[in-house]
Amino acid sequence: MSGAGGAGGGTLLAVEDLRLHIDTYRGTVRAIDGISFTVGQQESVGIVGESGSGKSMTALSVLGFTPPGARVVSGRVSFEGRDLLALNDAGMRAIRGARLAMVFQDPMTFLNPLMRIGDQIGEVLVTHRGLGRREARARAVEALRLVRIPSPETVAGQYPHQLSGGMRQRALIAMAIVGEPALLIADEPTTALDVTVQAQIIALLRDIKEERGLSLLLITHDLGIVAHVCDRLYVVYAGRIMEEGAVRTLFARSMHPYTAALLASVAYDEDAGGTVSFIEGNVPNPIDPPPGCRFQTRCPRVMPVCRRMQPPRLPQGGDHAVYCWLHAPELPDVRD
Amino acid sequence: MTDRRPPAAAAAAGPRRPGAIGLFLRKYGENRSAVAGAMLVAGLVALAVAAPLLTGHGPRQLGAVPLLPPGAEHPMGTDDLGRDIWAQFLYGGRTSLLVGLVAAAISTAIGVFLGAVSGYFGGLVDDAIQRVTEMLSIVPRYFLAMVTVAILGPTILNVIVVIGVLSWPPATKLARAEFVTLKSRSFVDAARMSGAGPWTIIFSEILPNALPPIVVQTILAVSAAVLMEATLSFLGLGDPNLISWGLMLNKAQTFLTIAPWMAIFPGLGISLFILGLNLMGDGLNQALNPRLRREAKA
């Protein structure tokens, strides 16, 4: 089933120059300001950023699910060769759940409290495959088994409040994979969970990705999770990409000051008792962003050019690319 | 966002043993006036259902002495034509209950459907439905019902349909409010993300969560419909072929001074039934609404 109808070059999802603006009374919020990324067949890609960097919004706009007031100003989202932004509601519904599924961050609120787990999982199949309730229920039990839920038959007949947080998150993952999608988007799938459970869920996501041969787009603020699960990584800041590349490359030789700062702020065991490094300042106001690089207000190595002009994408060999003037072969003349 | 988890979810915090229904019954049972209300309603329903078993007289059977006060042979006395009022009371209860239940079912079905569509889709659909609802709400309902029944003819079917069709605005407003809050809940997003269409979401995701207040509203709609039917009958617009409490009151007017029992018993029937339904409505509201319950504890 997986890989059917894939676009050429092994690319499953390609987002080009996506811009999403939200109109508010105080002005236009540039939540996503020109983000491009790709997810290959059976590839696992991470999008990492702080709160408010636009990473969740990026995932939602791929699914055609933008908040009221938000509009996609420009960009293309092509998935299995189709432009998702051009699809109408019915076309989008046919893809959601069937080819493209999402795992949400809070397992408490994303399950319907008055619906049995098995019925909630099976509903995807009733919607997309026209299966009968009974068969959908049987497949739901299968999906629950896949996400390593013990005694799935029992759990399928239970209500969300009867499950623990980790079990609910597993149920949500089962709900996402039961339709056998090609791409699974996970938005902060572990944020609401205990640390011990987080590790299990991460391992589960990785295993399922391997077993089912699907692609994974992981949205997170946690570099540790990315290191465990992802092949490639996009670092996003204030609606723009700062650096992209293979996880190994970025962890070993990050070139953007923001990536470096993010890596430095991960607290390791050996730092216990020591100081935790953090990034000074806050994400700039997205309503009226300064011209030039978005990270200029907090960058320790800011130069005059950073305050004037947006840095271009500078390929560094392989998948690695950085958006930073520090690595430009020559700087443009910025005196006026 | 305020916590509007339905009782099943709210119950998760407490011991899980009794199950949702057991828990509901326990909560409901704690409220004495609600239990009294349920008993009143159940009692009157039982009387109406078991009517033929409880009296040897037919409701229209002539022959006894007219205007007999309550006594051993006729526990509620007789009317001006010598018919047994106890029998009329029992059979009249059947009519009142039938009208109440069916009319409330009609008005709730229309109201919840319109409210759901209005609240879920929003925008122009919402505006259109809400304006129509408001227009219907500001027209005096009793007057409109009287005129309509007078034009269509006073049959039981007409009375039921007219009451049902004129009484949906409160259910619409309530369902709309529920749907507006519930549609922004995350599990609705999750359903939408997995490709569910609007009707699936309305009926299988949101509606079950909106039910508690709708159930309460339906109970109150039954009592309003019973009262409305009684009023119409009292004014001579009920079905003349069927005895109802309202019709009995109508006939009693002339003899109010010499045979007050003709008015007292059907009046008591209406009052007790409506009282019971309202107490039940309050009790259900408290047992089903987690917010009210918490306030009661605090």
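Visitor: What makes E6-E7-E8-E3-E9-E10-E12-E11 of chain A an open sheet, and which strands are its edges?

Guide: In this predicted model, the 8 strands stand in that order with mixed pairing. Strand E6 (100–103) and strand E11 (314–315) of chain A are the edge strands, each pairing on one side only. Strands are DSSP runs of type E with at least two residues, and helices are H or I runs of at least four, numbered from the N terminus. Residues are numbered from 1 along each chain as written, and chains are lettered from A and ligands numbered from 1 in written order. Local features need pLDDT of at least 70, side-chain atom pairs count only at pLDDT 80 or more, and totals for chains, interfaces and linings use all residues.

Visitor: How do you know that E11(A) and strand E12 (residues 321–322) of chain A pair?

Guide: Pairing requires that DSSP find at least two bridges between two strands. E11(A) and E12(A) have 2 bridges, in the antiparallel sense, so they meet that definition. Pro315(A) stands opposite Ala321(A) in E12(A).

Visitor: How many residues of chain B are in contact with chain A?

Guide: Contact means C-beta atoms, placed from the backbone, within 7 Å. By that rule, 18 residues of chain B touch 24 residues of chain A. Helix H1 (7–10), helix H10 (186–193) and helix H11 (198–234) of chain B each give two or more residues to that side of chain B.

Visitor: Why is helix H6 (residues 123–138) of chain B called hardly covered?

Guide: A residue is buried if 20 or more other C-beta atoms, placed from the backbone, lie within 10 Å of its own. Among the 16 residues of H6(B), the count of buried residues is 1.

Notes:
Two residues are in contact if their C-beta atoms, placed from the backbone, lie within 7 Å. A residue is buried if 20 or more other C-beta atoms lie within 10 Å of its own, exposed if 12 or fewer, and partly exposed in between; C-beta atoms are placed from the backbone.
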